[in-house]
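Colleague: Could you take one part of this model and go through it closely, setting it in the context of the whole chain?

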Amino acid sequence: MNDNQIIEKIKQGEQQYFRVLYDRYFEYAVRVSTIILRNQQSSAKDVVQEAFIRVYRKLNQFDMDREFKPWFYTILLNECKRISQKNNDSEVAGEQVVEPLYQDRHPFIEYESLYIAIQQLEEHNRVPVILKYMHDMKDQEIADILQENVNTIKSRLYKARIKLKNLLKHESGGAVQ
């Protein structure tokens with residue numbers, strides 16, 4: 001059953017299908033929000049919970065001619081921005097508490113250097129990289145989610161790859177090609 005078929009069931013009153021949608025996207029959503037929020041585990045989980053609440057409330061507004069995944073990630077990224085701004089305000093006030101790295105079932109041990117390098121990118125480069133390479137999204141999908149021109153996304157991905165190459169090269173003492 002694809003996402004739109006599940007949403008159709010939910011719209012018809014079969015609320016138990018929301019759990020299927022939740023289970024399908026929860027782990028990826030936590031992973032994305034954890035990276036975007038730079039390993040603030042409780043904030044990442046709060047973001048994901050709030051994103052699913054917003055999805056549930058706005059499901060009747062979802063355009064069934066579109067794909068669910070980009071719509072969901074738009075909501076998730078907007079919630080990440082909101083929480084990030086809130087945390088920055090708290091950080092200024094001295095209330096920021098950094099929590100340990102999120103432990104998911106598929107840790108990035110073999111890609112730890114890359115994972116750390118991605119977190120060093122600025123948000124406008126980091127988010128497209130996450131969506132492109134962790135979620136296999138097309139440039140146009142990323143542009144739609146971030147409400148940017150597709151050429152802007154291509155440029156940001158290009159610049160991000162150069163920055164990542166330099167970060168990894170610096171870390172490994174120049175061994176990255």
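What follows is a close look at one residue and its surroundings.

Colleague: Where is Ala51 found, is Ala51 buried or exposed, and with which residues is Ala51 in contact, leaving aside its neighbours within four places in sequence?

Modeller: This is a predicted model, and its protein chain has eight helices and zero strands, with Ala51 in helix α3, which covers residues 41-58. Ala51 counts as buried because its relative accessibility is 0%, where buried means under 20%; across the protein chain, buried residues make up 39% of the 177 residues. When neighbours within four places in sequence are set aside, the contacts of Ala51 are with Phe72, Ile75, Leu76 and Glu79. For Ile75, the C-alpha atom lies 6.0 Å from that of Ala51, although 24 residues separate the two in sequence. Phe72 in turn touches Tyr25, Ala29, Phe52 and Val55 as well as Ala51, not counting residues up to four places away in sequence.

Over the protein chain, 65% of the contacts between residues at least 6 apart in sequence join residues at least 24 apart.

Definitions and conventions: Residues numbered from 1 in each chain as written. Predicted model: local features only at pLDDT ≥ 70, side-chain atom pairs only at ≥ 80, totals over all residues. Heavy atoms only, no water. Helix = DSSP H or I, 4+ residues; strand = E, 2+ residues; numbered from the N terminus. Buried < 20%, exposed > 50% of the residue type's maximum accessible area, 1.4 Å probe, protein only. Contact = heavy atoms within 4.5 Å.
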